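Work through these exercises with the structure open beside you. Try each task before you read its solution.

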Amino acid sequence: MNTDSPNPDLLRPMPQRIDETARQLLAGDKGLLAIDESTSTCNRRLAAAGITADAQTRWAYRDMLIATPGLGDSISGAILYDESIRASTADGRRFVDVLVAAGIIPGIKVDTGTTDLAGHPGERVTEGLDGLRGRLQEYRALGARFAKWRAVLAIKAPGGMPAGARRPPRLPSRGCVAANAQALARYAALCQEAGLVSIVEPEVLMDGDHGLAECGAVTEEVLHAVFDHMHVQGVALEAMLLKTNMVLPGTDCSAPASPAEVAAATIEGLRRAVPAAVPGIVFLSGGQSATQASARLNAMHAGDRGAAPPLPWTLSFSYGRALQEPALGIWHGDASRRGAAQAALLHRARCNRAACSGSYDAAMEAA
Ligand code: 13P
């Protein structure tokens, strides 16, 4: 008997089934807005844009984003951070309530960031499991209906034997993949217990000179490990979304790939590694430009797959930088540019919604 099978009762602990929330997040060609930057990452992005990085500007920036008129027409869910799920607008409305009123489901990043993985020089493991059960309950009470946990995996060429290492390097190592996959699975099981959809995010980073094929092989290996651990931990796949990288050539690779090539390589890897019970896969942007992220997602929906069977899961977006960057550049901390910045965010959201039906066109950028 397989005692690792998910307990079906865990899908029904709340007024709304968790798997229904997962499907709502994927409905109508909409996608997710990731505004879950930690305080240090948000400060870094503000400073890089030449904006004073402090609590007041973080609040003003996020207040501008979540209040964008019409955002709910293209965005189904927004991922918040601990600081912003507790925040309110100047007139006293909680950010969470503003989102819900706009038809956007609030979510929350619950990992506490990455740290060096012992015995694996150059590799990181994501932390945050200690006390997570209690934090999930608190976030649910604050209005979150889904959560996110991100693991990062770097592709690096084997080098020499580093001092202190017990085996030759090959990154990502089996140890790094297994440690992160197990943490993702334990996080997902805790979310399910708490009545929250889990967004399970293993990100194979773009940095490096690796080609498209190597990114595809590593992504596939990572996803196999993640779903193996999810099975061992008894996670109901119907109650989660996978958030992952597209299969891309590294940023220092000399062989560029067209949107059609990226789409084909990404779908090939996902078909091999992601079970059909998973309702949806949402992509992170990972450092792609805003327009690249739209064009490549569009190619996945517009591609002529010939005799290939239909995709078993919905493919959508959960972009951070690729949705926010144009708005951040326009806003620049200036209240008088709030409306123009919101228009830029709304435009990117609409472009990506169009990409989810294969109807995005570069001409949309000129409009
Ligand atoms: P990017 O789209 O900027 O990669 O951010 C998505 C995200 O949620 C990273 O964890």
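**Exercise 1: The shell around the ligand**

Sort the residues of the shell around the ligand into nonpolar, polar and charged.

Solution. This is a predicted model. Step one: classify the shell. Three of its residues are nonpolar, four are polar and six are charged. Step two: count them together. The ligand is surrounded by 13 residues. Step three: pick out the closest, which are K148, K243, S285, G286 and R321.

**Exercise 2: Polar contacts and burial**

Find which atoms of S285, G320 and R321 lie by an oxygen atom of the ligand.

Solution. Start with S285: a polar side-chain atom lies 2.4 Å from a ligand oxygen. Go on to G320: here a backbone N or O atom is 2.8 Å from an oxygen atom of the ligand. Finish with R321: a polar side-chain atom sits 2.7 Å from a ligand oxygen. Now check burial. The ligand alone exposes 300 Å², and the protein buries 92% of that. Strand 6 (146-153) and strand 10 (314-319) are the elements that each give two or more residues to the shell.

**Exercise 3: The largest pocket**

What takes up the space of the largest pocket, and which residues lie nearest its centre?

Solution. Next, the volume: about 700 Å³. Then the lining: 31 residues, with T41, R45, K109, K148 and R150 nearest the centre. Helix 2 (39-48), helix 6 (132-142), strand 6 and strand 7 (197-204) each give two or more residues to this lining.

Methods:
Residues are numbered from 1 along each chain as its sequence is written. This is a predicted model: local features need pLDDT of at least 70, side-chain atom pairs count only at pLDDT 80 or more; totals for chains, interfaces and linings use all residues. Side-chain values use heavy atoms; hydrogens and water are left out. A residue is near a molecule or strand if one of its heavy atoms lies within 4 Å of it. A polar contact is a pair of N or O atoms within 3.5 Å; within protein, one must be able to donate a hydrogen and the other to accept it, and residues adjacent in sequence count only if both atoms are side-chain atoms. Accessible areas come from the Shrake-Rupley method with a 1.4 Å probe; for residues, only the protein chains shown count as cover. Helices (H or I, at least four residues) and strands (E, at least two) are DSSP runs, numbered from the N terminus. Ala, Val, Leu, Ile, Met, Phe, Trp, Tyr, Cys and Pro count as nonpolar, Asp, Glu, Lys and Arg as charged, and the others, Gly among them, as polar. On a 1 Å grid over the protein atoms alone, a cavity is a set of points where a 1.4 Å probe fits but cannot get out, and a pocket is an open set with protein on both sides within 12 Å along at least five of seven lines; lining residues have an atom within 4 Å of a point. Grid points are joined across faces, edges and corners, and a volume is the space filled by probe spheres set on the points.
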